[in-house]
Amino acid sequence: MNTEFDFKNQMTEGIRWLGLGQVFGYIVQFFVWVALARILTPEEFGVLGIALVVMNFVLIFNELGMVSAIIQRREISLRHTSTAFWICI
């Protein structure tokens with residue numbers, strides 16, 4: 001019973017720290033965007049926004065589960081790793 005209680009406390013503490021880190025990251029990101037909006041011209045800021053949208057879209061589909069598929073295979077050939085590499089590129 002004591003181990004379960006410790007696990008719940010550790011999990012709660014971890015979730016709390018993760019949430020705090022996320023909130024802090026969003027606050028810093030907001031101030032960076034405000035600073036960039038004041039420094040850059042509207043056209044440059046728009047190009048930056050478009051570039052970040054494209055970059056985030058690419059990051060979502062970058063891996064496509066290739067690493068998980070390679071890790072789960074019992075035997076890996078050069079063909080498997082080469083295919084995963086070129087798909088990720």
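Residues are termed buried under 20% relative accessible area, exposed over 50% and partly exposed in between (1.4 Å probe, protein chains only). The model is predicted, so that local features need pLDDT of at least 70 and side-chain atom pairs count only at pLDDT 80 or more, while totals for chains, interfaces and linings use all residues. Residues are numbered from 1 along each chain as its sequence is written, and side-chain values use heavy atoms, with hydrogens and water left out.

**View 1. Salt bridge between Arg16 and Glu13 in helix H1**. A salt bridge is a side-chain nitrogen of Lys or Arg within 4 Å of a carboxyl oxygen of Asp or Glu, and a search of the whole structure finds one. In this pair, the closest N and O atoms of Arg16 and Glu13 are 2.9 Å apart. The two residues are separated by about one helical turn, because they stand three residues apart in helix H1. Helices (H or I, at least four residues) and strands (E, at least two) are DSSP runs, numbered from the N terminus. Glu13 is partly exposed, at 34% relative accessible area, whereas Arg16 is exposed, at 52%.

**View 2. Aromatic pairs, including Phe30 with Phe31 and Trp33 with Phe45**. Rings of Phe, Tyr and Trp (its six-membered ring) pair if their centres lie within 6.5 Å; planes under 30 degrees apart count as stacked, over 60 as edge-to-face and the rest as tilted. By this rule there are three aromatic pairs. Phe30 and Phe31 form an edge-to-face pair, because their ring centres are 5.5 Å apart and their planes meet at 70°. Both Phe30 and Phe31 are exposed. The rings of Trp33 and Phe45 are likewise edge-to-face, with centres 5.3 Å apart and planes at 90°. This pair links distant parts of the chain, twelve residues apart: Trp33 belongs to helix H1 (residues 2-39) and Phe45 to helix H2 (residues 42-61). Trp33 is partly exposed, with a relative accessible area of 27%, and Phe45 is also partly exposed, at 25%.

**View 3. Nonpolar surface patch with residues from helix H2**. Patches are made of residues with over 30% relative accessible area and no salt bridge, like charges being joined within 9 Å and nonpolar side chains (Val, Leu, Ile, Met, Phe, Trp, Tyr) within 5 Å. Accessible areas come from the Shrake-Rupley method with a 1.4 Å probe; for residues, only the protein chains shown count as cover. Ile50, Val54, Phe57, Val58, Ile60, Phe61, Leu64 and Ile87 make a patch of about 810 Å². Helix H2 provides the largest share, six residues. Ile60, located in H2, is exposed, with a relative accessible area of 61%.
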